[in-house]
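This briefing is intended to be read alongside the sequence and the 3D structure shown below. A few lead sentences come first, and the points that follow are grouped by topic.

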Amino acid sequence: MPTLSLPLRPARPVPFGLLLSLLFLALLALAAIFPGWLAPADPLLADPLNAMQPPSWQHWLGTDPLGRDLLSRVIYGSRYSLFISVSAIALAVSVGTLLGLLAGLVRGAVDEAIGRTLDVISAFPDLLLALMLIAFTGPGTANLIIALGVASVPRFARMVRAQTFLVARSGYVEQARTFGLPWPVLVWRHVLPHATAQVPALATLGLGTAIIGTAGLSFLGMGPQPPTAEWGLMLAEGRNYLRNAWWTGVWPGVAITLTVVAVSTVGRRWQAKFEGKRP
Amino acid sequence: MTALVDIQDLSIRFGTQTVVSGLNLTIQPGESVALVGESGSGKTVTARTLLGLQSADATVAAGRFTIRGRPALANREGEWRQVRGREIGYVLQDALVSLDPLRTVGQQLADALLASRRVAPHDIPARSVQLLHDAGMADARQRLNVYPHQLSGGLRQRVLIACALAGQPALLIADEPTTALDMTVQKQILTLLRRRRENGQALLLISHDLAVVAELADRVLVMRDGKVVESGETRQVLTAPQHAWTERLLRAIPTPQTRGLRLASTHSQALPPRPKVTGEPLVNVSGVHKFYGDRHVVNNVSFQLRAGETLGVVGESGCGKSTLARLLLGLSEPQRGTIDIAGERWSQRPEAQRRSRRAGIQLIAQDPLSSFDPRYTVERIIGESLDTAGIAGAARRERVLHLLDEVSLSRTLLQRYPRELSGGQRQRVAIARAFAPNPALLIADEPVSALDVSVQAQILDLLADMQSEHRTALLFISHNLGVIHHLADRVLVMKEGRIVESGEVEQVFSRPAHPWTQQLLDALPAMPGRAA
Amino acid sequence: MSSETTPLLNAQDVSRRTRTSPLLWRIAGRIGSGALVLWAAVTLSFIAIWLAPGDIVSLLVGEQVSTPAIEAAIRAEWGLDRPLWQQYLSYLWRIVHGDFGRSYMLNTDVGALVASQLLPTLKLTAAALLVSVVFAVLAAAATAHRRIGRSVAGGLELLLASTPSFWLGIVLLFIFSFTLRWFPVAGDRNFAALVLPALSLGLAQGAVMAQVLRRGLEDALDQPFSLTLRAWGVPGTTVRLRHAALPAVTLTGWLVGGLLSGAVITEQVFSRPGLGKITVDAVLAKDMPVVLAVAILSALVYVVMSTLVDILSLLIDPRLRTQAEKE
């Protein structure tokens with residue numbers, strides 16, 4: 001008895017928040033890659049005569065204690081925040097996924113060893129772990145990337161491991177065994193795609209945390225050094241002038257917050273797609 | 001006498017979708033009424049409105065909606081709380097998820113008693129013990145400190161019923177109270193519920209199982225797609241149905257009388273003739289034992305299965321039938337004993353040697369959705385079993401299309417994903433996939449247990465057709481004796497890992513030798529005899 | 001033939017899996033694995049000292065000018081003349097006794113230094129924890145499954161969670177300290193000085209926790225047992241609060257770690273005394289003994305917290321106790 005064909009899925013309009021976030025991130029990426037196109041002035045050009053000017057038509061966001069245009073510094077600052085956090089997450093994702101897959105597939109002693117290592121790494125709170133690593137390597141961009149990356153590895157490794165474990169015991173993997181497919185083929189076809197399916201969404205969410213972490217460590221002086229324009233560093237400098245020039249301590253924070261909101265919105269939407277598709 | 005419940009012209013909508021319309025329901029004190037229907041018929045959502053427990057986005061309207069004579073449709077939460085537990089009690093199915101796993105039995109009874117506000121706090125412990133005792137639990141006092149997951153399914157259900165009766169409600173709504181339970185346990189719970197009727201208390205039973213309804217209800221309302229298609233005295237409706245749908249539901253039930261007949265047709269149509277069973281046994285299981293830790297899950301099991309034969313395996317949960325299936329599939333190894341298939345050793349062989357023969361033994365699982373990779377389309381799912389046969393490209397496409405036709409699925413479903421299909425459609429896809437490599441042996445582990453009766457009928461007919469066409473031997477595992485009696489040639493009755501009885505189906509079920517088989521047969525709820 | 005009456009069932013019907021592992025065994029196991037992690041952390045820090053580039057003595061001396069007297073003192077303290085395994089054991093021994101060595105840059109005993117700065121940081125962390133938990137539980141319990149409430153709360157939480165806690169601190173400082181002068185600008189003199197730092201630290205983390213908690217709560221409310229409770233007539237609020245408790249406990253352990261590191265930054269923003277300042281200074285100056293002491297201390301706090309949380313979970317959720325049997 002032939003069944004009727006199912007109706008086509010209705011097209012859903014893209015939610016407003018998501019659209020806005022994507023646009024913002026596109027703008028940010030532009031600012032990070034081609035800051036010269038957007039910034040009105042040189043971020044390092046000091047102009048002591050115009051120091052501590054409130055926001056005006058010449059300087060939309062005002063000037064800092066050395067007379068540098070804040071808008072330009074914020075735009076240029078996006079490079080560091082994005083570059084450092086994206087690199088850190090890329091590092092965490094690659095190492096973490098690999099470890100997670102190994103632990104989930106090989107099991108046994110390897111799983112135990114990896115699990116314990118992850119436990120030790122997570123015993124130190126993210127920021128403190130990063131601080132410790134920087135104590136050995138010294139401040140700077142590359143070291144910040146490594147520090148933040150290593151601190152984020154456990155999150156990804158654990159998620160991938162848990163998913164691998166779930167999928168390897170799922171009904172469809174078992175069914176595929178009855179077809180006579182060899183184990184490597186099963187892993188490649190069924191286990192890998194499902195185990196890593198949530199990684200992009202988790203990475204996007206982790207990016208938000210990494211951006212805040214980068215700013216935080218730079219705020220403490222562990223990241224790029226002055227006179228570089230970096231959001232966290234700018235906040236540290238601005239904090240001292242809060243009483244008289246509030247704008248020096250506000251705009252970089254606004255930039256960080258908006259970026260993380262945008263990244264989180266995208267990440268959450270992405271993750272929501274997986275809600276109904278658990279193995 | 002004021003009716004306990006008096007509803008006229010009830011309609012329930014979710015947004016623009018109407019799930020129930022034009023429903024009339026009256027329940028007098030002491031009456032047992034049943035709402036019968038398949039999933040999606042609207043019976044559960046109707047029952048929930050009697051307690052104001054429908055979901056927040058449901059719009060409920062009615063011409064008249066009174067509980068104990070008082071209008072209840074516009075009740076606020078506070079007013080509903082007066083009704084819940086005190087006037088009307090509610091028992092959900094599957095107590096494992098319906099009881100709070102973090103609280104003991106005693107604590108939950110106390111919750112229910114406190115909420116009913118009919119008992120003084122210092123009387124709660126005594127009353128709790130009384131409630132458990134009335135629900136048929138021995139050692140009631142000891143059970144108070146136990147957690148739900150530590151009890152067996154039947155005991156849990158009794159606890160749930162005891163809690164629902166804490167406030168001494170005049171009406172008890174039982175929503176599929178026995179669906180998650182074994183047959184023998186189901187019988188005990190039904191007896192418990194029948195006592196309500198004997199004590200002059202009202203019962204509203206929600207069920208898809210007509211036999212259960214026959215045992216418990218005075219009146220029955222048959223629902224389909226949100227409407228009541230037939231209602232009346234139970235005996236009358238079940239022996240001489242007026243509506244075509246009721247007729248169809250009754251015909252779809254597999255019984256000894258339906259043996260050899262199609263279940264999903266409007267008149268008694270015969271199934272295709274069974275393949276002749278001859279020659280050497282295809283499967284030879286000898287002295288097989290399987291342990292999980294110190295649990296003896298399969299205990300000295302031996303049997304044979306010939307090509308083209310249908311062997312039923314029947315037993316309650318935990319009897320080892322599913323483990324037996326896994327052993328036959330080579331997904332797990334017996335610790336003792338041997339399994340031979342097609343004359344060659346199957347068990348304890350290295351995987352590399354078995355792999356080439358796997359295509360000849362296929363599995364149909366109870367839940368097809370979890371046996372499909374959610375990323376795969378129907379076409380890929382059916383085709384995957386052809387990998388080892390080396391059939392690819394155009395030849396594979398051809399074969400997949402042919403199989404789709406065989407299982408009566410439209411070709412438009414090829415690019416769909418399993419989550420877009422209905423339960424029946426999914427099981428058809430699973431059957432297509434299983435028959436794709438032309439297996440000599442098919443193992444079906446409870447393949448129809450999760451399906452509605454009408455869909456189950458279609459799938460059972462389909463299986464019979466496919467088996468006849470492909471001449472496949474079938475090992476059919478089920479807890480439902482009716483299904484086995486309808487379809488199998490021989491049967492194995494299992495209990496606690498052992499085979500307690502085996503033989504021709506007619507023989508075993510009409511003249512059982514073992515007391516356990518007799519117990520299983522007795523547990524079958526009885527349907528009243530049909531008018532021809 | 002079966003009888004018509006319901007046979008009274010006896011104890012054999014209770015599932016055979018009720019053999020509960022002695023609870024104490026499970027607790028001991030948790031404590032054991034916590035101790036293991038701590039030991040690994042301490043060992044790792046020992047290895048780090050050895051693996052760091054450069055000579056150990058110059059590493060410990062840092063950027064000062066080194067004199068033979070200092071070098072001799074370092075050698076004696078760290079036992080650099082003895083074989084490696086002896087150094088390791090003596091290191092362990094000293095750590096267990098709270099002797100974290102001496103900071104040559106600050107010319108003071110590290111243990112005493114850390115102990116003196118510990119209290120203000122703990123006060124801040126505890127206050128922030130309170131803020132987080134209260135905010136998260138209230139936000140989640142009040143808005144779970146409530147359409148409008150949850151959108152509003154969700155938006156607010158997104159904003160708070162995306163705001164770096166130190167910037168939130170700066171903004172609060174500006175509004176409430178500099179402009180409105182309600183709270184002191186710096187220091188740890190009184191309770192009022194704790195309010196803004198605790199809020200800035202606690203709200204950001206609390207927002208993240210609120211999201212997770214609400215999710216868990218909504219899942220619990222969707223479960224059949226929540227429906228059963230309502231069917232008995234139990235009030236809705238009771239049902240909500242009860243199921244918020246368990247996930248709240250598990251999250252608290254994880255939260256403390258984040259709050260501790262956040263405290264380091266918050267102390268800088270609000271010019272508060274505490275571990276934050278000495279840690280940052282030590283990291284920048286590469287004062288290893290201090291850095292290690294802080295690291296081990298934070299690992300200790302985290303391990304203690306998560307072990308407590310694990311044990312609490314075992315006590316709350318009886319299913320975890322019998323888990324081993326089912327596997």
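Of the 279 residues in chain A, 49% are buried. The model is predicted, and the predictor assigns the complex an ipTM of 0.81 and a pTM of 0.82. Chain C is in contact with chain A through 38 of its own residues and 34 of chain A; the contact between chain C and chain B takes 27 residues from chain C and 37 from chain B.

**Chain A: architecture**

- The secondary structure of chain A consists of 11 helices and 0 strands, so that the order of elements from the N terminus reads α-α-α-α-α-α-α-α-α-α-α.
- The C-alpha trace of chain A spans about 80 × 55 × 30 Å along its principal axes.
- Among the contacts in chain A with a separation of 6 or more, 68% join residues 24 or more positions apart.

**Chain A: confidence**

- The mean pLDDT of chain A is 83, and 93% of its residues score at least 70.
- Confidence in chain A is highest in helix 3 (residues 70–106), at a mean of 91, and lowest in helix 2 (residues 35–38), at a mean of 80.
- Residues 1–10 of chain A have a pLDDT under 50, and the model has 10 contacts for them beyond four places in sequence.

**Helix 5 of chain A**

- Helix 5 of chain A covers residues 126–137, which is 12 residues. The distance from its first C-alpha to its last is 17 Å, close to the 16 Å expected at 1.5 Å a residue.
- This helix of chain A is mostly covered, with 10 of its 12 residues buried.
- The buried residues of helix 5 of chain A are D126(A), L127(A), L128(A), L129(A), A130(A), L131(A), M132(A), L133(A), I134(A) and A135(A).
- The cover over these buried residues comes from two chains: it includes helix 4 (108–123), helix 6 (141–168) and helix 9 (199–219) of chain A, together with helix 10, helix 11 and helix 12 of chain C.

**Helix 11 of chain C**

- In helix 11 of chain C, the buried residues are L275(C), G276(C), I278(C), T279(C), A282(C) and V283(C).
- These buried residues of helix 11 of chain C pack against helix 5 of chain A, and also against helix 5 (110–143), helix 10 and helix 12 of chain C.

**Contact between chain C and chain A**

- The contact involves 38 residues of chain C and 34 residues of chain A.
- On the side of chain C that touches chain A, at least two residues each come from helix 1 (23–51), helix 6 (147–162), helix 7 (165–179), helix 10 (236–269), helix 11 (275–285) and helix 12 (288–316) of chain C.
- Helix 10 of chain C gives the most to this side, with 8 residues.
- By class, the side of chain C that touches chain A has 29 nonpolar, 8 polar and 1 charged residues.

**Contact between chain C and chain B**

- Here 27 residues of chain C meet 37 residues of chain B.
- Helix 9 (224–232) and helix 13 (318–321) of chain C are the elements that give two or more residues to the side of chain C that touches chain B.
- Helix 9 of chain C gives the most to this side, with 8 residues.
- The side of chain C that touches chain B has 14 nonpolar, 9 polar and 4 charged residues.

**Chain C: domains**

- Chain C is divided into domain 1 (25–103) and domain 2 (109–326), and the C-alpha centres of these two domains of chain C lie 31 Å apart.
- In chain C, 22 residues of domain 1 are in contact with 23 residues of domain 2.
- The elements of chain C that give two or more residues to the domain 1 side of this contact are helix 1, helix 2 (56–61) and strand 1 (102–103).
- Helix 1 of chain C supplies the largest share of that side, 11 residues.
- By class, the domain 1 side has 11 nonpolar, 6 polar and 5 charged residues.

**Chain C: confidence**

- The mean pLDDT of chain C is 77, and 84% of its residues reach 70 or more.
- Residues 1–20 of chain C have a pLDDT below 50; this stretch has 31 contacts in the model beyond near neighbours in sequence.

Methods:
Residues numbered from 1 in each chain as written. Chains lettered and ligands numbered in written order. Predicted model: local features only at pLDDT ≥ 70, side-chain atom pairs only at ≥ 80, totals over all residues. Contact = placed C-beta atoms within 7 Å. Helix = DSSP H or I, 4+ residues; strand = E, 2+ residues; numbered from the N terminus. Nonpolar A, V, L, I, M, F, W, Y, C, P; charged D, E, K, R; others polar. Expected span 1.5 Å × (residues − 1). Buried ≥ 20, exposed ≤ 12 C-beta atoms within 10 Å, placed from the backbone. pLDDT = per-residue confidence, 0-100. Domains from an automatic or database assignment.
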